[in-house]
Structures are given as C-alpha cells and as structure tokens.
Amino acid sequence: MAAPKKYPDVLRERAVRLYRETHPRPVIRRLAEQLGVHHEALRNWIRQDEANRGERTDRPTTAEAEELRRLRKENAELRRANEILKAASAFFAQGMHPIRKKY
C-alpha cells in the first residue's frame with residue numbers, strides 16, 4: 001500500500017498555479033516557506049506540472065507514470081502465475097509414466 005500523501009492535492013494545485021501565474025516567477029524556496037511546504041516538494045510539483053503540459057521531456061507525465069505502474073504490477077502478477085504453472089507442470093510431469101499393460 002502506498003504511503004499517505006503529506007500534502008493535500010488542493011494545496012499542490014494551488015502552489016503550482018501560484019508559481020506559474022506570478023510574474024516575475026518567485027524563488028521556489030521562498031514561496032515554499034510562505035506556503036508551509038518543503039521546497040523540494042514544491043520543486044517536484046512544478047516539474048511534474050511542466051511535464052504534464054509538455055514543457056519538459058526529462059520525466060514522464062502523470063498519466064504515463066500511472067500506466068507504467070499498472071503495467072509493472074500486471075507484469076509481476078503474470079510472472080508469478082507463470083512460475084506457478086511451471087511448478088505445476090514439473091510436478092505433474094514427474095508423476096506421468098507410460099501405461100504398462102499387464103499380461
């Protein structure tokens with residue numbers, strides 16, 4: 001289970017909007033202090049917003065990250081199922097003997 005979010009989504013959206021709409025752009029550290037959030041958290045929210053808007057290519061968008069997470073989970077489930085099937089196949093292969101006719 002994922003850890004609970006430290007900051008609510010409303011605060012994140014408000015902080016990013018405030019950063020984007022203020023001209024000249026405020027210093028992230030100072031804005032973070034005013035909002036009562038960690039400056040690196042604010043910096044990450046801004047970077048993620050830029051990626052979602054197509055302004056950055058160095059990180060996946062939120063939708064891409066969610067899809068990647070889903071696919072990794074599905075891949076892990078398929079690997080576990082495959083291991084179970086391999087073990088079952090090996091188990092049943094050991095028990096098979098050619099049918100011997102008794103005369």
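## Helix α3

Helix α3 comprises 14 residues and spans 20 Å from its first C-alpha to its last, close to the 20 Å expected at 1.5 Å a residue; the expected span is 1.5 Å times one less than the number of residues. Helices are DSSP runs (H or I, at least four residues), numbered from the N terminus. The model is predicted: local features need pLDDT of at least 70, side-chain atom pairs count only at pLDDT 80 or more, and totals for chains, interfaces and linings use all residues. Residues are numbered from 1 along each chain as its sequence is written, and side-chain values use heavy atoms, without hydrogens and water.

Gly 54, with a positive phi near 85°, follows α3.

## Aromatic pairs

The whole structure contains 2 aromatic pairs, defined by ring centres within 6.5 Å, with the six-membered ring used for Trp; planes under 30 degrees apart are stacked, over 60 edge-to-face and the rest tilted. Tyr 7 and Trp 45 pair edge-to-face, at 5.4 Å centre to centre and 85° between the planes. Because Tyr 7 lies in the segment before α1 (9–21) and Trp 45 in α3 (residues 39–52), this pair ties together parts 38 residues apart in sequence. Both Tyr 7 and Trp 45 are buried.

Phe 91 and Phe 92 have ring centres 5.2 Å apart and planes at 75°, so this pair is edge-to-face. Phe 91 is exposed (over 50%), with a relative accessible area of 55%, and Phe 92 is exposed at 54%.

Note on methods: Helix = DSSP H or I, 4+ residues; strand = E, 2+ residues; numbered from the N terminus. Buried < 20%, exposed > 50% of the residue type's maximum accessible area, 1.4 Å probe, protein only.
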